[in-house]
Amino acid sequence: WGLLLAGAVWRVSLGSARQHVLAPALAASLTGFAVVGLFDSLLDVPRLAWLFYLLVLLALTVRAPARVVARSGSARQAASLALVVLVGAMAFQPDDARAKAPDAKPQLIQVGPARAIKTIAEAARVARDGATIEVDSGVYLADVAVWQRDGVSVRAVGGRVRLLAQGAAAEGKGIWVVRARGMRVEGFDFEDARVPDRNGAGIRFEKGSLLVRDCRFLRNEMGLLTNNDGSSELEVEDSEFAYNQRPDGHNHNLYVGRIARLSVKGSYLHHARVGHLLKSRAAVNEIRDNRLTDGEGGSASYELEFPEGGVAHVVGNLIGQSRETDNSTLISFGAEGYRWPRNELVLEHNTLVNPLPAGGVFLRVAPGSTLVRALHNRLVGAGRLETAGPGEYVDNLTLAPGEAERMMRDSLHNPG
């Protein structure tokens, strides 16, 4: 297409069509495309690509009228300058333009006190799509960042990376703000996020898709908080959420809005204050092989809540209350009304622990759910799953009363 563009500009600036009434406009327009192409690819946008090829076609096909008034020398000079700019744009592309070529080398950014790039914030600014960012282990103070490039992987190397907010917040929202697809984060601790609206999050996930692996969210106002983008997807693996709280208590360790899908696996959520360990409004939820156990000193409300229903598969988890809770219910489904077309709750192979002496509610389901299945769960404490209402209840056994204290104690000493 470069040769095609060069030929078109030559024809309307110095060639046979240079005296056509449209020649100056065509030369300027095509040169403009080339200059903007230094920084971004306009041909990726269908409407702009159509316009570009239309201009090229006109430049290659228009004919000068038989009788014309000779153009001034200045006009010829302007046309020549346009051609020079075009050639230069094609010959001397900057690094960013070359990086978009399919055979470009993947971008690797190394961050640390002894590196050329010393802050995560700077790495986020210079990262391109698909970049890998390696951050040297250590403590990074007030190093907040906004991530907007797709396919970026950020991982700690040589040990854990602690991000201490110390009053700083990206866009006034949290330590990190993520608006990107295919982002992966591994090996970071997000600590002490505070913002004026009291929703300071370790990560504020606004849109795209995000995988969080082996991370910890400690003493923030909100651990990880998402927006309500209906196409977004969040995966959390082998991570810990604890002691996230704010003065009024309306906080949650992990709070997921109306996104397309949530997956939480192999993680440990504990010690919330008044709020929930995990609250999700997602359309589809997979909560598998986690420990949601508030333990001694915790005062979480629900351990697990799906306030607007959706599809929720809760499999293989240990879910337990604290004696200090102000809410006797462990799991709640549909308490704020059903928003999604499908509202199905499946509980399988979980251990549910209720240490309250007077008993509590293992499961509360609001009327209107299309499916409730509870299979092969183990209950510790007073109560039955069947009190949740109509559904399929199979092989849900109650264990000995002394098991509650032992399981909650073990969950604190063996969180993995």
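**Exercise 1. Among contacts in the chain between residues at least 6 apart in sequence, what percentage join residues at least 24 apart?**

Solution. The model is predicted: local features need pLDDT of at least 70, side-chain atom pairs count only at pLDDT 80 or more, and totals for chains, interfaces and linings use all residues. Residues are numbered from 1 along each chain as its sequence is written, and side-chain values use heavy atoms, with hydrogens and water left out.

Step 1. A contact means heavy atoms within 4.5 Å.
Step 2. Of the contacts between residues at least 6 apart, 67% join residues at least 24 apart.

**Exercise 2. Find the salt-bridge partner of R179.**

Step 1. A salt bridge is a side-chain nitrogen of Lys or Arg within 4 Å of a carboxyl oxygen of Asp or Glu.
Step 2. The side chain of R179 meets that of E171 at 2.8 Å, N to O.
Step 3. E171 also forms a salt bridge with K173, at 3.3 Å.
Step 4. E171 is partly exposed, at 43% relative accessible area.

**Exercise 3. Describe the salt bridge between E191 and R219.**

Step 1. Their side chains meet at 2.6 Å, N to O.
Step 2. E191 is in strand β6 and R219 in the loop between β8 and β9, 28 residues apart.
Step 3. E191 is buried at 2% relative accessibility, whereas R219 is partly exposed at 33%.

Notes
Buried < 20%, exposed > 50% of the residue type's maximum accessible area, 1.4 Å probe, protein only. Helix = DSSP H or I, 4+ residues; strand = E, 2+ residues; numbered from the N terminus.
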